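Trainee: Could we go through this chain together? I would like to start with the pairing of individual residues.
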Amino acid sequence: MTELKGSKFFILIAAGLVFIGVAGWKYMDFNAEKEYIAPPPTKNMPIITPPTSPPTGNTGGVAEDSITEESATGGPSKVQPNTYTISMNSSGFSPANLTIKAGDTVRFVNNDTTNHWPASDVHPVHAIYPEFDARADIIPGGEWSFTFEKVGEWGMHDHRSPVTTGKIIVE
Ligand SMILES: [Cu+2]
């Protein structure tokens with residue numbers, strides 16, 4: 001009798017454990033599902049944005065889209081215009097001399113802590129290529145782009161510091 005009682009007791013315990021296990025699993029499953037449906041609010045999380053770094057201007061006048069120079073077939077094609085970057089900093093224009101094709105664009109990027117003003121020679125009236133004139137200060141971190149349509153050798157200077165010179169050769 002004691003033995004039977006003992007085994008009944010064991011079965012009862014075992015059934016209880018199974019019940020607790022199933023119930024616990026269901027409960028956790030339910031919680032997991034609930035959590036999936038309603039994720040915790042993120043309103044208090046800090047919004048991380050990538051830092052905006054100033055343009056480095058280290059492209060050194062290298063064409064940014066020179067891959068378009070040749071067509072895929074390698075045959076003669078209309079050459080796509082390129083964009084070149086000239087950095088303006090405490091040591092002047094970098095590069096100071098640049099050879100481009102008619103229709104190409106030059107970006108003048110101010111990487112200095114003072115204003116700069118690229119313009120065609122001759123200071124102060126800029127009459128040699130009047131359109132090639134920023135006509136305003138380019139502030140630190142700012143830039144100005146100009147598309148050269150006229151073929152020729154165009155001397156330039158910094159209108160804010162005319163001793164700073166350079167040349168754009170348009171072929
Ligand atoms: Cu000038």
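Trainee: Which residue in β7 is the bridge partner of S120?

Mentor: The partner of S120 is M156 in β7. Please keep in mind that this is a predicted model.

Trainee: How many bridges join β5 to β7, and do the strands run parallel or antiparallel?

Mentor: Three bridges join β5 to β7, the strand of residues 152-158, and the two run antiparallel.

Trainee: What sheet do these strands belong to?

Mentor: They lie in an open sheet of four strands with the order β3-β8-β7-β5, and its pairing is mixed. The edges are β3 (97-100) and β5 (118-120), each of which pairs on one side only. On average, neighbouring strands in this sheet are turned by 30° against each other, direction ignored.

Trainee: Where is the parallel pairing?

Mentor: Between β3 and β8, the latter covering residues 161-170; four bridges join this parallel pair. Within that pairing, T99 stands opposite I169 of β8.

Trainee: And how do β7 and β8 pair?

Mentor: They pair in the antiparallel sense, over seven bridges. One of the bridge pairs is G152 with V170 in β8. The two strands form a hairpin, with two residues between them.

Trainee: Changing topic: what is the order of elements along the whole chain?

Mentor: There are one helix and eight strands, and from the N terminus the order is α-β-β-β-β-β-β-β-β.

Trainee: What share of the residues count as buried?

Mentor: Of the 171 residues, 20% count as buried.

Terms used: Residues are numbered from 1 along each chain as its sequence is written. This is a predicted model: local features need pLDDT of at least 70, side-chain atom pairs count only at pLDDT 80 or more; totals for chains, interfaces and linings use all residues. A residue is buried if 20 or more other C-beta atoms lie within 10 Å of its own, exposed if 12 or fewer, and partly exposed in between; C-beta atoms are placed from the backbone. Two strands pair if DSSP finds at least two bridges between them. Axes are lines fitted to C-alpha atoms, for helices over the stretch in contact, and angles run from 0 to 180 degrees between N-to-C directions.
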